[in-house]
Amino acid sequence: MSTVTPLATAVAPRAARGSEARRHRARQSVLGWLFSAPYLVFVAVIFAFPLGFAVYMSAHDYFFTAPGVNVNRPFVGMRNYVQALTDPAVRRSFYNVLVFLLINVTLTVVLSLVLATLLNQVVHARAFLRVSFYLPYLTASVALVGVWLFLFSGTGLINQLLGPLAPNPSWLVNERLAMPSIALYVTWKGLGFYILLYLAALQNVGKELYEAAATDGASRWQAFWNVTVPGVRSATVLVLLLATITGANLFTEPYLLTGGGGPNGASTSPVLIMYQQGIQQGKPGYAAAIGVLLVILTLGIAFLQNWLGREKDS
Amino acid sequence: MTTRGGVLLRGVVLGLGAILFLFPFYYMVLGSLQREPNQSVAGLFPDPANLTFSNYFDINARVNLLQGIANSGVFAAGVIIGTAVFGSIAGYALAVLEWRGRGAVFALALLVQVVPFQLLMVPLYVMIARDYGLADNYLGIMLPFLINSTAVIIFRQYFLQLPKGIFEAARIDGASEWQVLTRVALPLIRPALVTVILISFIGPWNEFLWPFLVTKKASMQPLAVSLANFISNVANSTANPFGTLLAGAVVLALPVAILFIVFQRYFVASDLGSGVKG
């Protein structure tokens, strides 16, 4: 027995340690789910369920009732989608958002990359420049819209500076210029965020690549085009995606800058129509169908951007 | 490569950029102080004879500024508390605890950030305003923003940077996991907490679309909503609509601008970027 004892004492703690480790793992597992539970419930209620609900609503003749009233909301299949796709106002809003994205996304990528590259080379006044670029992004759009109305009104400063070159009718009430003006405003407001994203990405572009380019006698422009642009490609993909999603969500600016999508629907956005149809007119099923179409369009554009980006790579 | 001309050009471009970004703020403040709106080039400079504070009293007569600020404050406070409490424990679970499913939950937190709000807007309105009867209710205003997913990811990132040993040591000393989180881990990630509080304040303070949808009573509207209603409805019936409107804009913009300038080192792009990038 005495010869066994040392063995037993050697084994026993190991077994105890093993079950202790198992208990520890089990406890961590329970705690992991427990600590994440509020967030998971939140995501289920605020994101997952409404996503399914939107698709369900879009295929039904959904209407508002008093809470607790149970009514029959008939299944209508694709009717809401057909109606949306044949409605000239909805089509116009989709066309508008495409115009918006073309201007906004292009300007955003080009300007934010150029400004970030320049900012990255600066030593003096760097903090000041960062603050000034970022301030519009952090400020409420409702507040900044006020200044733009002031600046771009018929007798506003911009037209005063342009003198005889001022457009007539003025920017925000001109059918051709209303949407581009909104796109310009949104680009200006959001640019700081994208500049900071690029600035972070630029820190990961190797200095030796620039040195190599310099030894090869590359000009500043060539270095930018051949080192910087490929070096921040993943950031560009992210900027494209975020700018596209933000742009597709456009609501506040046409609602306030052009008085609800005017003139004559020249600056309506799909979300504005969803608000008017779904909430003001009480046709949430129809609005949900427009929302699903908008998301499909957004995803389509995002995939296209990704595909084009990859194409260049090879 | 860095020629003198190049440096000069860079300075000019960046300087012009800074002016373009800052000028509208200057113009906002100036316009809010003008008795008669002066949109000419001469109006770019303050004219002592044309300066007044009366626009601030005018906007306050149209839009109850204090009520609006209080409503925005309650909205933001709810989101800050919800995000700081539930976001930090979720971030801790994702970074420190070892359990199956944490990869999936992390992926979910990333995915949620690219779900477009426009698709959720209508069903959320039906659920919250109609089915739950939470229209014109603080909880209804906060609910869709209650836990900020970017914050969950920021918390996770900061907890991951803490050395594993300190958690082990605290556990060996007999601390429960809750104590490890609240007494050991949270005090060590104070900068993350500041960043999260700032973004959880600014988002709701600036938010327009959702509170606009669920508040009909003026007494429940956050400042951004009541100011927007002023812009779209009543601006034309005021003697100096631009001055009044810009005074409201200054009140709405000022708190965020001050917070940003004071706490600017907490606005780190890699944090905010990682919110969407992972």
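**Figure 1. Ile46(A) is a buried residue, with 21 other C-beta atoms within 10 Å.** The model shown here and in the other views is predicted. The count for Ile46(A) places this residue among the buried ones because 20 or more such atoms are required. Ile46(A) belongs to helix α1 of chain A. Leaving out residues up to four places away in sequence, Ile46(A) touches Leu143(B) and Pro144(B). Between Ile46(A) and Phe133(A) there are 87 residues in sequence and 33 Å in space, taken from C-alpha to C-alpha.

**Figure 2. Chains A and B touch through 78 residues of chain A and 82 residues of chain B.** On the side of chain A that touches chain B, helix α1 (residues 4–58) gives the most, with 20 residues. Sorted by class, this side of chain A has 58 nonpolar, 18 polar and two charged residues.

**Figure 3. Helix α4 of chain A covers residues 126–138.** This helix has 13 residues and reaches 18 Å from its first C-alpha to its last, close to the 18 Å expected at 1.5 Å a residue. The buried residues of α4(A) include Leu129(A), Arg130(A), Phe133(A), Tyr134(A) and Leu138(A). Within chain A, the buried residues of α4(A) pack against α3 (88–121), α5 (141–152) and α7 (178–202). They also pack against helices of chain B, namely α1 (4–32), α10 (190–206) and α13 (241–262).

**Figure 4. The largest nonpolar core has 167 residues.** The residues with the most contacts inside this core are Val142(A), Ile195(A), Tyr198(A), Tyr125(B) and Leu252(B). Helix α7(A) gives the most to the core, with 16 residues. Domain 1 (1–58) and domain 2 (79–313) of chain A both give residues to the core, so the core lies between them. In soluble globular proteins, nonpolar side chains tend to be buried together.

**Figure 5. Leu252(B) is in contact with residues of chain A and chain B.** In chain A, the contacts of Leu252(B) are Ala140(A), Val142(A) and Ala143(A). In chain B, they are Leu223(B), Ala224(B) and Leu227(B), with neighbours within four places in sequence left aside.

**Figure 6. Chain A is divided into domain 1 (1–58) and domain 2 (79–313).** The C-alpha centres of these two domains of chain A lie 44 Å apart. Four residues of domain 1 are in contact with seven residues of domain 2. On the domain 1 side of this contact, three residues are nonpolar, one is polar and none is charged.

Definitions and conventions:
Residues are numbered from 1 along each chain as its sequence is written. Chains are lettered from A and ligands numbered from 1 in the order in which they are written. This is a predicted model: local features need pLDDT of at least 70, side-chain atom pairs count only at pLDDT 80 or more; totals for chains, interfaces and linings use all residues. Two residues are in contact if their C-beta atoms, placed from the backbone, lie within 7 Å. Helices (H or I, at least four residues) and strands (E, at least two) are DSSP runs, numbered from the N terminus. Ala, Val, Leu, Ile, Met, Phe, Trp, Tyr, Cys and Pro count as nonpolar, Asp, Glu, Lys and Arg as charged, and the others, Gly among them, as polar. The expected span of a helix is 1.5 Å times one less than its number of residues. A residue is buried if 20 or more other C-beta atoms lie within 10 Å of its own, exposed if 12 or fewer, and partly exposed in between; C-beta atoms are placed from the backbone. A nonpolar core is a set of buried Ala, Val, Leu, Ile, Met, Phe, Trp, Tyr and Cys residues joined through C-beta atoms within 7 Å. Domain bounds come from an automatic or database domain assignment.
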